[in-house]
Amino acid sequence: MDFNLSKEQELIQRAAREFADKFIDPLAQQIDVENAVPEDIIAGLGELDMFGIPFEEEYGGAGSGYSSYVLAMEQLGSKSSGVAMIISAHTLGLGAISVFGTEEQKKKYMPKACRGEHIVSFAFTEPGTGSDPKQIASTAEKQGDYYILNGTKRFISNANYPGPIVMFAKEADSGKVTAFIVDKFCEGYSISEPWEKIGMHGGSLLDVYMKDVKVPAENILGQPGMGYAILQMGISYGKVGVSSTALGGLLASYQEAVKYAKEKTHRDEPIGKFPSIKMNIADIAEKYEAAKWLVYRLGFLADTMKDPMQFAKEAALAKDFVCEEMINVSRLCMNVHGSYGLMKDYKAERIYRDSIMGSQVEGVSDMQKMIIAGVILGMK
Ligand SMILES: Cc1cc2nc3c(=O)[nH]c(=O)nc-3n(C[C@H](O)[C@H](O)[C@H](O)COP(=O)(O)OP(=O)(O)OC[C@H]3O[C@@H](n4cnc5c(N)ncnc54)[C@H](O)[C@@H]3O)c2cc1C
């Protein structure tokens, strides 16, 4: 067991931290208010390889694995959950293409996506279903060498950026779900206005409408009818991004609480001298450390674990724990701030709003518990 970071991991962590401190932090408030990430930030992240950290160099990735990805995401997420959410959803979609794509698909779609010139989406949620993807109602009808896709997808991250979207639809004849790689903004593809959500501003969520979208059969991801397997595996790896984004939120709460406890004074002494504040700081530190090692371990398991079922359990376990602890820790951070934490002038307010998001993304917390217990007990 070695808890030291490799030289490469240290470099990636430092690069992400420096970029986040220098370029994201000064604009974090603006991103929150405008619910948009400036193009310069996306371009800068692309130059730093942040859109392709875990993927093979052969296809334009950094070849550094999920172990490095979690380190970078923690740093980016600590300054803006919205920025991290863009990379998280992108990596989920690109991860599916990298695992299930043909050589041609990978060569066509991965290099631009790894450079951040294209941002990838992954679309399973629909107005009628989120937790139960078997109820997917979007349809794919085969016509010669093409499929015609129709339907509505709900709450789709990055649907407003150009690039590929991994789209799940039910084949009209077999009733089985198939995954397709669709080019966003092709004919028949349109999007709603962004949803106005409580937190993670800057990471846009939109509905996607497909009206007779014509997709060549060669754009099927994996095999016809293999959609659920791709969905389940994709989402397991996607939880690495959601967990590390939430870890960034815990780090942000930690940093803001410590800073405030030292700066704010009562009778000329910092409030950190009060036992109640000390208790809050200690609680935050404990929860951050536990979450950190769980997420770093999940990054390691994503690179090394071979059994998809066991990995699904580990991913659900880490995601559930860390997202719930982000809520608890952001509350403790609020305690340290008193009424000032409720004000938009303080970062604690934004972190608190962001914290509620993670538990609902890529499977709600209750569903994570079902997955964990199902694998432990061997019962679905
Ligand atoms: C920030 C954000 C980003 C997102 N990005 C994407 C994206 O890029 N692509 C995408 O496809 N989707 C995305 N989503 C959607 C998200 O994945 C779904 O909203 C989520 O899976 C939950 O589905 P739902 O909202 O329909 O809730 P529901 O499925 O309606 O669940 C509501 C409640 O019912 C309970 N419940 C439901 N079914 C069961 C069951 N079988 N057993 C026990 N309890 C159950 C749940 O515990 C939950 O508490 C995103 C959502 C957010 C907030």
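Trainee: How many residue pairs are in polar contact across the interface of domain 2 and domain 3?
Mentor: Happy to start there, bearing in mind that this is a predicted model. Both residues of a counted pair have pLDDT 80 or more. Across the interface of domain 2 and domain 3, the residue pairs in polar contact number six.

Trainee: And how many salt bridges does the rule find across that interface of domain 2 and domain 3?
Mentor: A salt bridge here needs a side-chain nitrogen of Lys or Arg within 4 Å of a carboxyl oxygen of Asp or Glu. On the side of domain 2 that touches domain 3, the classes are 10 nonpolar, four polar and two charged residues. For salt bridges between domain 2 and domain 3, the count is zero.

Trainee: Which residues of domain 2 lose the most area to domain 3?
Mentor: Let's take the whole interface before the residues. Domain 2 and domain 3 bury about 1400 Å² between them, with 78% of it on carbon and sulfur atoms. On the domain 2 side, three residues together make up 39% of what is buried, and they are Ile-198, Met-200 and Met-226.

Trainee: Good, now the rings: is the pair of Phe-3 and Trp-293 stacked or edge-to-face?
Mentor: This is one of 14 aromatic pairs in the structure. Phe-3 sits in the segment before helix H1 and Trp-293 in helix H8, so the pair ties together parts 290 residues apart in sequence. The ring centres are 5.3 Å apart, and planes over 60 degrees apart count as edge-to-face. The planes of Phe-3 and Trp-293 stand at 80 degrees, so the pair is edge-to-face.

Definitions and conventions
Residues are numbered from 1 along each chain as its sequence is written. This is a predicted model: local features need pLDDT of at least 70, side-chain atom pairs count only at pLDDT 80 or more; totals for chains, interfaces and linings use all residues. Side-chain values use heavy atoms; hydrogens and water are left out. Buried area is the accessible area (1.4 Å probe) that two parts lose on being put together, summed over both. A polar contact is a pair of N or O atoms within 3.5 Å; within protein, one must be able to donate a hydrogen and the other to accept it, and residues adjacent in sequence count only if both atoms are side-chain atoms. Ala, Val, Leu, Ile, Met, Phe, Trp, Tyr, Cys and Pro count as nonpolar, Asp, Glu, Lys and Arg as charged, and the others, Gly among them, as polar. Rings of Phe, Tyr and Trp (its six-membered ring) pair if their centres lie within 6.5 Å; planes under 30 degrees apart count as stacked, over 60 as edge-to-face and the rest as tilted. Helices (H or I, at least four residues) and strands (E, at least two) are DSSP runs, numbered from the N terminus.
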